[in-house]
Amino acid sequence: MTTNAASAAEPGNRRILLVEDEQTIADVVRDYLLKAGFQVDMAGDGFTALDLAATRQPDLVILDRMLPGLDGVEVCRRLRLSMSVPVIMVTALGTEDDRILGLEMGADDYVTKPFSPRELVLRVKSVLRRSIKEFTPEPPVEAAGLELDPASRTVTHHGVPLALTVREFDLLAFLMRRPHQVFSREELIKAVWGWDFGDLSTVTVHVRRLREKIEANPTKPELLKTVWGVGYRFDGKRSETETVRPDVSGPDVSGPDVSGPNVSGGDHGRQ
C-alpha cells in the first residue's frame, strides 16, 4: 500500500518505507509522516518490506523489530547487504541486548515502544538531514590512510571503500575533524545524533562497529581509543605496515535505558 502527501511537502518530498504489522500503530505513524510532508510506503511483514525496498528505493526505513515471516533484525541485515538506506528500528522488547542487536545489524537509530509519533518524525528528519548530501558540504578529511568525503558520503582506507551506515559515517567524520580531543558518550549523543538524552549504549555499539571496520585489531584500537572514565578520541596515527582486519569485536560498555511515551505496542506478546 502506497500513500502520497499531496501538499505541504518538505523539500525533496522524501520517501519513507514504514514496516509495522500492527495496523493501528502503522496508521498513526503514517498520518504523522504524511502531515510532515513525506511519501509513505507500508509493509506488514518482512518479505514484503524487502520487496518494497528493492522496487521503491526509499530514502529511509522505519522497521518494527518483531514481524511475521521475517523479523526486523534479519530484514535490517538483508537491507544492509543490498543498499545503504538509513534504518530506524522500532522495538517493544525492553532489554538492552535486543536494542543493541538491532544496532549491530546496521540500524542507524531506534525507538522503543511506547513512543511519541512526533518524536519519531523528528528522528526521521534528523537521520535524513545527515544522510542526504548538502549543497555546501564540509571539505574532505584524511588521516591514517582514511579518506572521508562528506560530499559523496564515502570513506576509503588506502583506496578501498568502507561500507558505513549513516551514523557510523557521521561519528567518524565528527571525530576525524577533532583529532586527539576526548568526547564523552553524552557529548557524542548530542553532537552526532542530535539528542539531548538517549541510551548511551547506542554510542558504544557504533564505536565498536567503527573499530571493526577501521582498526587493524579492533580489540586493541590505535585510532579510535577509549579514555576510560571519560569517553573516546580519534588519534589518527597508524604505522604504514598495519592493515584493517574486519569482523573482530571490541570491548563494550553498557548504558542506561530510555523510552518515550504515547504510542504503544506489545508485538503480540512475541518476546
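Visitor: Which residues does Leu188 touch, not counting residues up to four places away in sequence?

Guide: Contact here is heavy atoms within 4.5 Å. By that rule Leu188 touches Leu171, Phe174, Leu175, Phe183, Trp193, Val203 and Tyr232. Bear in mind that this is a predicted model, where local features need pLDDT of at least 70 and side-chain atom pairs count only at pLDDT 80 or more, while totals for chains, interfaces and linings use all residues. Residues are numbered from 1 along each chain as its sequence is written, and side-chain values use heavy atoms, leaving out hydrogens and water.

Visitor: How many residues does the largest nonpolar core have?

Guide: A nonpolar core is a set of buried Ala, Val, Leu, Ile, Met, Phe, Trp, Tyr and Cys residues joined through side-chain atoms within 4.5 Å. Buried means under 20% relative accessible area, exposed over 50%, and partly exposed in between, with a 1.4 Å probe and protein chains only. The largest core has 30 residues, and Leu172 and Leu188 have the most contacts inside it. Helix H6 gives the largest share, 7 residues. Apart from this core lies another of 24 residues, among them Leu17, Ala43, Val87 and Tyr110.

Visitor: In what order do the strands of the open sheet come?

Guide: Strands of a sheet pair through backbone hydrogen bonds, either parallel or antiparallel. Helices (H or I, at least four residues) and strands (E, at least two) are DSSP runs numbered from the N terminus, and two strands pair if DSSP finds at least two bridges between them. Here 4 strands run in the order E7-E8-E9-E10, with antiparallel pairing. Strands E7 (141–143) and E10 (160–162) are the edges, each pairing on one side only. Between E9 (residues 154–157) and E10 there are 3 bridges, and Val155 stands opposite Leu162 in E10. Helix H6 (residues 166–176) packs on the sheet, touching E7, E8 (146–149) and E9.

Visitor: And salt bridges: how many does a search of the whole structure find?

Guide: A salt bridge is a side-chain nitrogen of Lys or Arg within 4 Å of a carboxyl oxygen of Asp or Glu. The search finds 20. One of them joins Lys213 and Glu168, at 2.8 Å from N to O. That pair links distant parts of the chain, helix H8 and helix H6, 45 residues apart. Glu168 is buried, with a relative accessible area of 0%.

Visitor: Are Asp64 and Lys113 buried or exposed?

Guide: Both Asp64 and Lys113 are buried.

Definitions and conventions:
Axes are lines fitted to C-alpha atoms, for helices over the stretch in contact, and angles run from 0 to 180 degrees between N-to-C directions.
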